[in-house]
Amino acid sequence: MTTIDTDYLVVGAGAMGMAFTDTLVAETDAQVVIVDRGHSPGGHWNSAYPFVRLHQPSAYYGVNSRGLGSDSIDQLGWNEGLYELATVGEICSYFDKVMHQELLPSGRVSYFPMAEYLGDGRFRSLSGGDHSVDVRARIVDATYLQTTVPSMRPPAYAVADGIDCVPPNDLPANAVDRDRFVIVGAGKTGIDACLWLLRNGVPPERLTWIMPRDSWLMDRANIQPGPQFLERFQAGFAQRLMAIEAATDVADLFERLEECGNLLRLDPTVRPTMYRCANVTKTELDQLRRIGDVVRLGRVLSIEPGKVVLDDGEIAVDGSALYVDCSADGLEKRPAVTVFDENRITLQSIRGCQQVFSSGMIAHVEASYGDDETRNRLCQPVPHPNTDLDWLTTTLAEQRNQIIWFSDAELMNWLSGARLDLMRHMYAPLVGQSEKVRNKVFGLIIAGLRSANEKLETLLGQHLSAAPQTTQASR
């Protein structure tokens with residue numbers, strides 16, 4: 001067994017582990033060892049389907065020190081007029097360049113791919129050799145929010161022999177001469193599969209979309225970087241706070257959020273019960289609405305010759321159909337754990353649905369603050385949402401964090417220059433202003449966030465207190 005000395009051992013070279021390491025190396029003199037079971041940096045992107053793109057602008061993804069893409073505006077397609085969305089090939093290439101052109105040339109990062117972490121600072125390499133890492137500072141768990149894509153596991157339902165059921169990775173190779181496609185799953189992957197088929201000329205009449213839960217969606221136009229979108233971003237932020245303040249209950253809140261354009265849904269007659277941070281353009285939403293055969297009978301239990309059995313019934317399907325399994329959980333909702341805990345850091349979101357930004361900020365807080373009480377106060381986890389009610393809990397948690405950040409002038413200076421922070425364009429212009437002007441504006445925003453949080457707590461309390469009565473009445 002060989003022994004390696006280092007300051008930090010980062011377990012996982014996915015997007016979160018890379019974002020953390022990038023900021024740590026940029027802001028400290030620390031030595032870092034990265035251990036990853038994959039063959040290349042990038043985590044789940046190395047197993048992703050070939051037509052996947054980011055759902056968020058490339059400008060908000062990757063690591064802080066290096067831009068992803070060219071900051072261009074799409075001139076064609078269903079994302080026209082908005083910032084580019086990186087392809088899976090671009091993302092994998094990007095992380096490879098970050099590793100081999102930025103981190104490793106620093107001389108302070110050692111990278112061990114194809115290695116299995118065994119715990120307690122030990123890992124086993126591809127050759128079978130065991131290594132022990134003597135960690136002077138912390139072990140960083142970058143795998144806690146493990147992303148699972150369909151190609152990484154078999155379907156969670158029974159598939160009879162002779163049924164063609166493939167992950168979206170195999171959709172392009174199996175799509176030719178198919179009369180019917182059945183897409184299983186209503187999350188980001190299911191959306192991508194439907195849009196890919198429609199984009200390639202498959203008539204919507206040949207698609208069946210099994211949708212266990214309808215989802216609230218975000219309008220991608222509301223989260224664009226750059227000064228040309230600043231007014232819309234600020235308006236969306238203000239409208240969200242106003243919708244919260246005016247809401248009389250949870251159902252009314254979602255109606256107001258939809259009315260002001262903060263949230264979208266596929267079918268205006270169906271109330272969504274899911275929220276997973278998926279975002280679309282209104283053009284993409286119009287395309288998805290062309291699909292008439294949407295099955296809302298719960299989850300798939302089994303696919304059998306000529307039919308699909310679901311929680312609440314079954315449907316007949318032609319035996320020659322191609323089933324596309326898009327039902328993997330993606331980014332699972334995990335319970336929050338303490339981020340800074342003695343000799344361990346567990347990377348989690350500290351702003352809703354912004355994992356790479358969160359990882360970079362956690363690294364900055366590790367480097368810039370001297371005690372874990374302060375660090376944890378700044379980095380309260382925001383669990384990844386799953387249900388519609390999680391929109392409220394996620395918003396409440398991230399706004400609590402943002403209030404604390406606004407009160408720290410040095411941290412706000414860092415955030416204003418952080419490439420991955422989607423809010424930087426809103427408050428960066430204030431950094432150069434006088435302390436009086438800056439404090440006045442930040443104070444107004446803080447007051448708005450606090451008031452909205454009080455209302456969210458009230459709405460959640462009302463909803464939870466009413467839930468047992470609803471359950472009793474339904475019996």
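**Reading rings, strands and a pocket**

In this predicted model, R334 lies over the face of Y144, at 4.2 Å from the ring centre.

Me: Are W216 and F254 buried or exposed?

Reply: A residue counts as buried when its relative accessible area is under 20%. W216 has a relative accessibility of 1% and so counts as buried, and F254, also with a relative accessible area of 1%, is buried too.

Me: Which aromatic pair is edge-to-face?

Reply: F406 and Y427 form such a pair, edge-to-face, with 5.8 Å from centre to centre and 85° between the planes. This pair links distant parts of the chain, since F406 belongs to helix α10 (residues 389–406) and Y427 to helix α12 (residues 424–431), 21 residues apart. F406 counts as buried at 5% relative accessibility, and Y427 is buried with a relative accessible area of 0%.

Me: Which residues do ring pairs link into a cluster?

Reply: The cluster consists of W45, Y61, Y94 and F95, linked by ring pairs.

Me: Turning to strands, how should I read the order of the strands in an open sheet?

Reply: Strands of a sheet pair through backbone hydrogen bonds, either parallel or antiparallel. Here an open sheet of 4 strands has the order β8-β16-β17-β18, and its pairing is mixed. The edges are taken by β8 (158–159) and β18 (313–316), each of which has a single partner strand, so one side of each is left without a neighbour in the sheet.

Me: How many bridges join β17 to β18?

Reply: Strand β17 (residues 307–310) and β18 run antiparallel and are joined by 4 bridges; in one example, L310 has G313 in β18 as its bridge partner.

Me: What lines the second largest pocket?

Reply: Rolling a probe the size of a water molecule over the atoms shows where empty space is left. In this structure the second largest pocket holds about 380 Å³ of space, and 20 residues line it, with F51, R53, L85, R199 and E284 lying nearest its centre. Helix α4 (residues 188–199) gives the largest share of the lining, 5 residues. By class, the lining has 10 nonpolar, 4 polar and 6 charged residues.

Terms used: Residues are numbered from 1 along each chain as its sequence is written. This is a predicted model: local features need pLDDT of at least 70, side-chain atom pairs count only at pLDDT 80 or more; totals for chains, interfaces and linings use all residues. Side-chain values use heavy atoms; hydrogens and water are left out. Two strands pair if DSSP finds at least two bridges between them. Helices (H or I, at least four residues) and strands (E, at least two) are DSSP runs, numbered from the N terminus. On a 1 Å grid over the protein atoms alone, a cavity is a set of points where a 1.4 Å probe fits but cannot get out, and a pocket is an open set with protein on both sides within 12 Å along at least five of seven lines; lining residues have an atom within 4 Å of a point. Grid points are joined across faces, edges and corners, and a volume is the space filled by probe spheres set on the points. Ala, Val, Leu, Ile, Met, Phe, Trp, Tyr, Cys and Pro count as nonpolar, Asp, Glu, Lys and Arg as charged, and the others, Gly among them, as polar. Buried means under 20% relative accessible area, exposed over 50%, partly exposed in between (1.4 Å probe, protein chains only). Rings of Phe, Tyr and Trp (its six-membered ring) pair if their centres lie within 6.5 Å; planes under 30 degrees apart count as stacked, over 60 as edge-to-face and the rest as tilted. A charge sits over a ring if NZ of Lys or CZ of Arg is within 6 Å of the ring centre and within 35 degrees of the ring normal.
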